[in-house]
Amino acid sequence: MPQSPIRKLVPYAEKAISNGKSIYYLNIGQPDVKTPQIALDAVKNNTLEILAYSRSEGEYSYREKLVDYYQKNNINIATEDIIVTTGASEGLFFLFNSIMDPGDDVIISEPFYANYIAFSTASGVNVVPAISKIEDNFALPNLEIFEQLITPKTKAILICNPGNPTGYLYTKEEIKKLAAIAKKYDLFLIADEVYREFVYDGNTHYSIMHENGLDDHTIMIDSVSKRYSMCGARIGCLVSKNKAVMQTVLKYAQARLSPPTYAQIACEAALDTPQSYFDDVVGEYAERRNTLVTELQKIKGIKVARPKGAFYCIVELPIKNSDNFAQWLLEHFDVDGETVLVAPAGGFYSTPGVGLNQIRIAYVLKKESLIKAVHILSEALKIYKD
């Protein structure tokens, strides 16, 4: 199993703190916005006397409210099309084991969420990367590239929309082209849509579930973690109208018994969160993105992709190895007792040697903190030697 490129530097951060340094955490997508009070109160005020198992596919009342939520997003599904999982991560792990055998291939636009490699490794599945480039703002690679990668072992295409770690938002036209390929080659089209609400600049999110005639091909992965700032709830879901897929995934869900009961109570209540909450949060993240990109562009010799969604961006630095740089920042550098923790981007690629001079920044800090963090990066690059 691979190490997490996001979490592997934590011991160095802990040591830096023990040495008296303060750290700006740019490495992990843990929102600093408050969880909706309605969700917290649902747990605090609950009168359960027995904390029992829930249904393996998730509580019916929660799935029923999820149906209403998706309908508001023009996604028409039924409760039987949803299996509640312990985070989106469990949903992906169940799915990889359900639709692919060891030795099969999944094509993923690269760079991608690092744990996709972990899920594929655990399932014996091969990741086949379709490399996108920072010069193109990490747009979808040419579709001819996808077709060249398809072999008899190819079973699925996986995208994250909007993307982690790039913040790229797939256009309606791109989704339609991917859907056409999935249908032409009889592949599954999987979309990790956990950042659906986080879309900027007047753009709109287009789901794979909006495509007609693809019920047997499309599978959506979702989560409450970012949407409601409820990462610790560990509740996600898998959505598909493919009955065979859902029956197989359910077997895995039954084997782990049930998703957490209290967390589902909180998540069911969170679905009543008013739209004003999202308006405020998305507006705040858009301002943070603008602040971050503006400050980064002041640093000589770097490239930065401008995200259209989620709350991450990839930055290319004038260095050779961002793993070494990130560790050096924690062990040997500070500005007035402050330093930063970044995520080396090499771990978001499966292609050897690619992304080694890049980092991922999660702009989940307040604007003032982002400005200070970028200043620290700028000062560090002035003296860092590979």
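Predicted model: local features only at pLDDT ≥ 70, side-chain atom pairs only at ≥ 80, totals over all residues.
Let me start with Arg289, which, leaving aside its neighbours within four places in sequence, is in contact (heavy atoms within 4.5 Å) with Tyr200, Asp201, Arg306, Pro307, Lys308 and Tyr363. At 1% relative accessibility Arg289 counts as buried, where buried means under 20% relative accessible area, exposed over 50% and partly exposed in between, with a 1.4 Å probe and protein chains only.

Residues are numbered from 1 along each chain as its sequence is written, and side-chain values use heavy atoms, with hydrogens and water left out.

Arg289 lies in helix H10; helices (H or I, at least four residues) and strands (E, at least two) are DSSP runs, numbered from the N terminus. Helix H10, residues 275-296, lies across E9, E10 and strand E13 (358-362), and runs at about 5° to E10, with axes fitted as lines to C-alpha atoms, for helices over the stretch in contact, and angles running from 0 to 180 degrees between N-to-C directions.

Those strands belong to an open sheet of four, in the order E9-E10-E13-E12, with antiparallel pairing. Strand E9 (303-304) and strand E12 (343-344) stand at the edges with a single partner strand each, so one side of each is left without a neighbour in the sheet. Two strands pair if DSSP finds at least two bridges between them, and E9 pairs with strand E10 (residues 312-316) in the antiparallel sense over two bridges, with Lys303 standing opposite Glu316 in E10.

Let me turn to another strand. Six of the six residues of strand E3 (residues 105-110) are buried, so E3 is largely enclosed by the rest of the structure. In a regular strand the side chains alternate between the two faces of the sheet. Here Asp105, Ile107 and Ser109 point one way from E3, whereas Val106, Ile108 and Glu110 point the other way. Strand E3 runs parallel to strand E4 (residues 126-131), to which six bridges join it, and Ile107 stands opposite Val128 in E4.

Finally, a helix pair: the axes of helix H2 (residues 37-44) and helix H9 (residues 261-270) come within 7 Å and cross at roughly 140°. The contact is made by Ile38, Ala39, Ala42 and Val43 of H2, and by Tyr262, Ile265, Ala266, Ala269 and Ala270 of H9.
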